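Subject: Structure handover

Hi,

Here is the structure I promised to pass on.

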Amino acid sequence: MSMEMFTVHTLAELAHLTRTRESARESLYLRYSPGPESDAEYSSTDHESELVMPGVSVNPLAAPRWWTLPLEDWLARRVCQYLRKIDEGARPWLLTGRQVDFGPDNEPLLVDITPIAWISPELVDEARERYATRLHAGAATRQDRQKTQGNSTPQSE
């Protein structure tokens, strides 16, 4: 596995790369781990059951059809989804591969991995800022969203 990877520095670059891969009918994924070399040696494990999974768990970057906001908003959300892994020594990086199954959080599990690029700390910072300012970060329910808006009056969807 060649570790000659470039680094993506901005959400705009990440959006361009995501669109380019999609137009080539190739999905781009994000992974938080020590890196491709480490992943070549160890499989992903479901931490609750301790079962070894048949591929590495990844986060798909392609936005779903229902997403009508800018792709950069979606990508910021995806980058921020597993930031806690950085504290565990992981680095965010991009890859492609063949999906063979899905993990306990319904995430794709990939084999035949091709490493593409590292995500820079600057991109992570930009994603955090965009996620916090453009979306209701952390809101899982309408009540959560209302709390972040400072609105206690229920609103219809």
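A nonpolar core here is a set of buried Ala, Val, Leu, Ile, Met, Phe, Trp, Tyr and Cys residues joined through side-chain atoms within 4.5 Å, where buried means under 20% relative accessible area, exposed over 50% and partly exposed in between (1.4 Å probe, protein chains only). Please keep in mind that this is a predicted model: local features need pLDDT of at least 70, side-chain atom pairs count only at pLDDT 80 or more, and totals for chains, interfaces and linings use all residues. Residues are numbered from 1 along each chain as its sequence is written, and side-chain values use heavy atoms, with hydrogens and water left out.

The largest nonpolar core has 28 residues, and Leu-75 and Val-79 are among those with the most contacts inside it. Beyond four places in sequence, Leu-75 touches Leu-11, Leu-14, Ala-15, Thr-18 and Leu-61; contact means heavy atoms within 4.5 Å. A second, separate core of 8 residues includes Met-5 and Trp-93.

Now for the two residues. Arg-78 lies in helix H3 (residues 71–80) and is buried, at 14% relative accessible area. Its C-alpha atom is separated by 8.0 Å from that of Leu-30, 48 residues apart along the chain.

Thr-96, in strand E5 (residues 91–102), counts as buried at 4% relative accessibility.

Best wishes

Definitions and conventions. Helix = DSSP H or I, 4+ residues; strand = E, 2+ residues; numbered from the N terminus.
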